[in-house]
Amino acid sequence: MIVDKKYDAIVVGGGHNGLVAATYLAKAGKSVVLLESASELGGATTSVRPFPEYDARLSRYSYLVSLLPDQIVADLGINFKTLERSIASYTPYKKGGKDGGLLISQNWDARTAESFRELTGGDEEGKKWQEFYNEIAVLAERIAPYMLQPLKSAVDLKSEIGLPEVWKFMMERPIGEVIQDRFQDDLVRGVVLTDALIGTFTSAQDLQANRCFLYHLIGNGTGQWRVPQGGMGAFVTELNRVALLNGVEINLNSHVTDIDSSSDGVAVSTASGDKYVATDLLFAGAPQTLAKLRGKSAPLSLEGSQMKINMLLSRLPRLKSGLDPALAFAGTFHINETYSQLEKAYEVAKSGDIPSDLPLEMYCHTLTDPTILSPELSQRGFHTLTLFGLHTPAALFDADPSGAKEAAKAAAISSLNQYLADPIESVLAICSDGSLAIEAKSPIDLDADLGLPRGNIFHRDLDFPFLDGTESAPLNWGSETDDAHIYLAGAGARRGGGVSGIAGHNAAMAVLAKD
Ligand SMILES: Cc1cc2nc3c(=O)[nH]c(=O)nc-3n(C[C@H](O)[C@H](O)[C@H](O)COP(=O)(O)OP(=O)(O)OC[C@H]3O[C@@H](n4cnc5c(N)ncnc54)[C@H](O)[C@@H]3O)c2cc1C
């Protein structure tokens, strides 16, 4: 089929950012076609039934929401809710031959203070924790609105935010140094550091860790990580609804293979031979893919470095520490993530081995939102567990992708089982073929399944949300490229990364600003 209609805009990529960009443009009266390679929308924000005989829809890739601004939800009119978790985190540990755990409530309370006391022997570390996060909370509140405005220079943004000390430790000094200065306890330091390493293969002493840390703490002005009600798929279902409602034409199974541009606009072709022309192109896949399609050299980036493991449980496992698992798994459950374990795992992975005592974090969606399970499974006490293993870079999987994946999965399970009274295998649901209800995704799988370059969950390295003078093309919204008709609308745009819709919003604003 040859399509010769001319659109105002072609959006390539039907992940959440592509849908957000397309809907903003359509709402402004533009004619928009969205082209998606896959047979379904969503990209890294999908829910699936990985174990078909069980009616359990798991968020297969991304699982928690923080960065999505309320403004985007309101502007687009989507009916999508995120739910607060009462527990922020739990970190089991062994001390003096005894099993314990650091339990941190979402809001500081007596139980949290007692838990810090048990771990550290006093109140000092807990006090420092509150001071540190209170300072960051003010930054989050002040910086969040800027994410949906044209970019500012570092100097201007710093002066408008007006928190020079916090700015310094968040943007200018390696976060590892800051954490070592402000906290004494190795485990407390590690719980803080984890947010700087999610999906980012770097040392605590590298400023790349600061960028990751910043994005994990400023989302929507609070930095709180919330549970998407109905799973990530519910978000995409709503985005699809409002896109269609506003007249976006959505074409699935449309893999874009060629992009041409002239002073009049753009033309793209798909693998099936269809051709589309438009004034502007908003590319909501990875910048590396866009560069390849345009015959340009791809921007350099770190590779992805995480294992994602999804599990369906017939019941929650008991913990060696004795804490009720319904409390322990309700927040983020950290395993082997002390500061020194994280730094050691990074060195081991860098030298080419899968780290033993693999650092990982987990959470149980169904403790906060049981709606992703059928009522029958809920009643029987089933739960889902999401595991995100750190410091497993794509390079470890190149030589033997399936063998290395099995080894990394085994390392994750053995790391977790160190703290469980019921080994995880004993509580996994059993599928009809006798296999256990567990699926693992390596960085190589993410590249193959979703087109995330080398499994990078943010498409490419995160940038600070301001202009720092190293830009190769003029950036106003963070979406512009060296071609006046081509924009980046996916996670790899400046201020993209994560489930936020910010890159989609900003690319649409860049296009509309030309009118
Ligand atoms: C395992 C995992 C866990 C994560 N956890 C979280 C989390 O809990 N919270 C969070 O905030 N973030 C998380 N992230 C990151 C977040 O999911 C992504 O950064 C974000 O979803 C990217 O959205 P996007 O719309 O920009 O791109 P994508 O979701 O990558 O979508 C891009 C789309 O473009 C399509 N495409 C690519 N090339 C072409 C082409 N040539 N033609 C047509 N279509 C094309 C792809 O098929 C894809 O559907 C996670 C990511 C992963 C992988």
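In the predicted model, the residues that line the second largest pocket comprise ten nonpolar, eight polar and eleven charged members. The space in this pocket amounts to about 780 Å³, and of the 29 residues of its lining, those closest to the centre are P287, P299, R460, S472 and L488. Two helices, helix 9 (207–217) and helix 11 (287–293), each supply at least two residues of this lining, and helix 11 gives the most, with three residues.

The packing of helix 7 against helix 8 was examined next. Helix 7, which spans residues 175–182, packs with helix 8, which spans residues 186–194, at an angle of about 150°, and the two axes lie 10 Å apart. Because angles over 145 degrees count as roughly antiparallel, helix 7 is roughly antiparallel to helix 8. The crossing in which helix 7 passes helix 8 is right-handed. On the side of helix 7 the contact is made by I175, I179 and Q180, while on the side of helix 8 the residues that take part are R189, V192 and L193. Sorted by class, this contact of helix 7 with helix 8 has four nonpolar residues, one polar residue and one charged residue.

Helix 8 also packs with helix 13, which covers residues 339–350, and here the angle is about 55°, with the axes 6 Å apart. Helix 8 and helix 13 are therefore oblique to each other. In this contact, D186, R189, G190, L193 and T194 of helix 8 meet Y339, S340 and L342 of helix 13, and the residues involved divide into three nonpolar, three polar and two charged.

Conventions. Residues numbered from 1 in each chain as written. Predicted model: local features only at pLDDT ≥ 70, side-chain atom pairs only at ≥ 80, totals over all residues. Heavy atoms only, no water. 1 Å grid on protein atoms, 1.4 Å probe; cavity = no way out; pocket = protein on both sides within 12 Å on 5 of 7 lines; lining within 4 Å. Points joined across faces, edges and corners; volume = space filled by probe spheres on them. Helix = DSSP H or I, 4+ residues; strand = E, 2+ residues; numbered from the N terminus. Nonpolar A, V, L, I, M, F, W, Y, C, P; charged D, E, K, R; others polar. Axes fitted to C-alpha atoms, helices over the stretch in contact; angles between N-to-C directions. Parallel < 35°, antiparallel > 145°, perpendicular 65-115°, else oblique. Left-handed = near helix turned anticlockwise from the far one by under 90°. Contact = heavy atoms within 4.5 Å.
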